[in-house]
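The plan is to look things up one by one and jot down what turns up.

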Amino acid sequence: MESIILQANKISKYFHDPSTIQVLKEITFSLNKGEFTSIIGKSGCGKSTLLYILSTMDTDYTGDLRIDGVGMRDKKEGELARVRNEKIGFVFQFHYLLNEFNVLRNVMLPGLKLGKYSEKEVEERAYQKLKILGIEKEALKIPNQLSGGQKQRVAIARAMVNDPLIIMGDEPTGNLDKKNTEIVFDIFKELSDVYNQTLLIVTHDNEFANRTHRIIEMEDGRIIRM
Amino acid sequence: MNFKLINSISVSLLVARWKQTLVAAIGVTFSITMFIALLSFMSGLNDMLDGLIVNRTPHIRLYNEIQASKNQPIDLSKEYKGHYNFIRSVKPKNERAQIHNCPAMIKALDNDDRVLGYAPKIVAQVFYNVGDIDLTGVINGVNVDEEARLFKFKDYVTAGNYIDLKNIPNSIILGKGAAEKMLANIGDVVQVTTSKGERMQLKVVGYFQSGIQEVDKVQSYASISTAQKLLGESKNYITDIQVKLKDIAWAPKMAKEYANLFDIEAVDIQTANSQFETGSSIRTLISYAVGITLLIVAGFGIYNILNMMIYEKMDSIAILKATGFSGNDVNRIFITIALSIGFFGGGMGLFLGFGLSNIIDNVPFNTASLPTIKTFPINYNPKFYFIGAVFSLVTTYLAGYFPSRKASKIDPVVIIRGK
Ligand SMILES: Nc1ncnc2c1ncn2[C@@H]1O[C@H](COP(=O)(O)OP(=O)(O)OP(=O)(O)O)[C@@H](O)[C@H]1O
Ligand SMILES: [Mg+2]
């Protein structure tokens, strides 16, 4: 149970435009398997910036990041893409679904990219994920025919399709109303309880945060509580 | 697997933007169509114009020039060796234009496997007698069979049967222009006078039309034996040997070789008709330049459309990268889009280019000077189609290269933050 999935060691980040400011200051923490963790903090304290680094999309930082025991520092762009594909699921505030494809195909894309399963199997798995999220009926619609809450659930299904080590979310409920926020939270809770999924979710919603296993609070680029 | 995925994403992006894609593809189609039609037509014209010369011109012509001896007696004198001498107004000796060592040469030509064939010829200056008037002319005594085999003699005999020239003794095929001047019909008998004053009656068995009017007013054809009789010469009197080679490109080198070997004048076709070659190559150059310009314009069209597409699809590219597609994958998606535009646009262009060439090929084109040509000439050389295909792919690849690279370098963090 106590296996460490993600470890951040003294991660610092600077922006140089317009003037050099340090937005992350020696962030150090680790996440265990199965933990449902939320990150909170005032606007502008560096939550999103941290999440982009942890998800390997941003490589311009100092310090050390290990995912599944493997250092991310010296990896090339293609290798990092592979890590994201295989080990990380990401849900953003905006859904980022591709309107050129139907819902099912959107969920399948990362699975097809992984290439571990045949197209048929990927389709089957994608359908399973949609079912867990209760939107399997919408599988053949195209994304812009769905409601905001449904779209966000499709985005979660897409994040899940490769059974990632960790799902990260940057205010995934930020655009949703009370009811849909509730639905998404319940889904995360279920993933955590039933599937032992590790989750790291940035949120502004304290109520949401209070119901997670663990809260990391940030202020001015530092972790002040965890 | 990955290849299939990249393809399916490319196709979806294409289909979603099918109008722009179509416009881009039509640009390529148009330029390839024009490229093919233009080159086929130009090259057809070149072949036709070259044919005017090349069909009827030997690759190497061997003959004796009547010219003053290069070595005057004084040059041979031992006594004045080392002195300068000046002799003015040197005249050629009265020497005939006959080729002397004819049998030896023919043996050498027979044994040379670079030679496709050769035809002996006698050139005789004559006057055509029309009533009181004498028209200057030239009678070519030819070996009818070889002339037909090597120099398409038959194609240029527009009336009458060329083989009669061999079968009917004392017959002549008149140049079309000469025949008109003499009001001579086929079956008529005309009278000619040689430069030495011999007269002879010849029966007209056909008209010859080379396509060059000045030539047709003067030149006529007779068999070798008729020409020998006309000139009062023996059976081995020959003034020219016309050699046709297996490859026209060997002519200049072989002409020099023969000139040395046989101690004779040898002129290759390239030297004799250099102006035609220049014309051909310039026409070809212009066609390629126009064709390639069209393609480059089409390339810019593709470049624009891809740039637009990438601009519109920033979000999609960002999420693809966030979910594990590498810059390389994204690059390949857009290159695939560019190449499919090139492939389908170009393929369509090849097809329509063939169609357009075919239409041009059927447009009637009659001109008195070109008896064998009935429609516009088209050269259906597969080379043009090959070049067109390669160029359409290369230009679309180049047009897609920079936009694709741009797409592959999109930083998902920047896009996602911007939302
Ligand atoms: N590209 C950039 N250039 C310069 N400064 C930046 C850039 N991106 C972010 N920042 C700054 O970095 C700090 C942290 O930004 P970040 O987006 O991580 O905040 P956040 O905690 O996610 O805020 P929010 O809760 O509002 O989303 C902010 O002060 C922001 O102004
Ligand atoms: Mg943020």
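**Entry 1: a salt bridge between chains.** I started with Glu100(A) and Lys313(B), whose side chains meet in a salt bridge, 2.2 Å from N to O. I keep in mind that this is a predicted model. Across the interface of chain A and chain B, the rule finds 3 salt bridges. I also looked up polar contacts there, and 8 residue pairs turn up, both partners at pLDDT 80 or more.

**Entry 2: what chain A brings to the contact.** Which helices of chain A supply at least two residues each to the side that touches chain B? I noted helix H1 (47-54), helix H2 (77-87) and helix H3 (103-114). By class, that side of chain A has 12 nonpolar, 4 polar and 8 charged residues.

**Entry 3: the size of the interface.** I looked up the area next, because interface size is often given as the accessible area lost when the parts come together. Chain A and chain B bury about 2,400 Å² between them, and 64% of that is on carbon and sulfur atoms. Glu100(A) shows up again here: with Tyr96(A) and Lys113(A) it supplies 29% of the area that chain A buries against chain B, more than any other three residues. In residues, the contact takes 24 from chain A and 29 from chain B.

**Entry 4: ligand 1.** I counted 13 residues around ligand 1, and Ser43(A), Lys47(A), Ser48(A), Thr49(A) and Arg417(B) come nearest. Then I checked a few atom distances. A backbone N or O atom of Cys45(A) is 3.3 Å from a ligand oxygen, and a polar backbone atom of Gly46(A) is 3.0 Å from an oxygen of ligand 1. With Glu171(A), a polar side-chain atom lies 3.3 Å from a ligand oxygen.

**Entry 5: salt bridges elsewhere.** I widened the search to the whole structure and got 25 salt bridges over all chains. One of them I looked at joins the side chains of Asp60(A) and Lys13(A), at 3.8 Å from N to O. This pair links distant parts of the chain, 47 residues apart: Asp60(A) is in the loop between H1 and strand E4 (62-67), and Lys13(A) is in strand E1 (residues 4-15).

**Entry 6: the domains of chain B.** How is chain B divided? I wrote down domain 1 as 3-54 + 276-418 and domain 2 as 60-84 + 93-269. Taken over C-alpha atoms, 52 Å separate the centres of these two domains.

Notes: Residues are numbered from 1 along each chain as its sequence is written. Chains are lettered from A and ligands numbered from 1 in the order in which they are written. This is a predicted model: local features need pLDDT of at least 70, side-chain atom pairs count only at pLDDT 80 or more; totals for chains, interfaces and linings use all residues. Side-chain values use heavy atoms; hydrogens and water are left out. Domain bounds come from an automatic or database domain assignment. Contact means heavy atoms within 4.5 Å. Buried area is the accessible area (1.4 Å probe) that two parts lose on being put together, summed over both. A salt bridge is a side-chain nitrogen of Lys or Arg within 4 Å of a carboxyl oxygen of Asp or Glu. A polar contact is a pair of N or O atoms within 3.5 Å; within protein, one must be able to donate a hydrogen and the other to accept it, and residues adjacent in sequence count only if both atoms are side-chain atoms. Helices (H or I, at least four residues) and strands (E, at least two) are DSSP runs, numbered from the N terminus. Ala, Val, Leu, Ile, Met, Phe, Trp, Tyr, Cys and Pro count as nonpolar, Asp, Glu, Lys and Arg as charged, and the others, Gly among them, as polar. A residue is near a molecule or strand if one of its heavy atoms lies within 4 Å of it.
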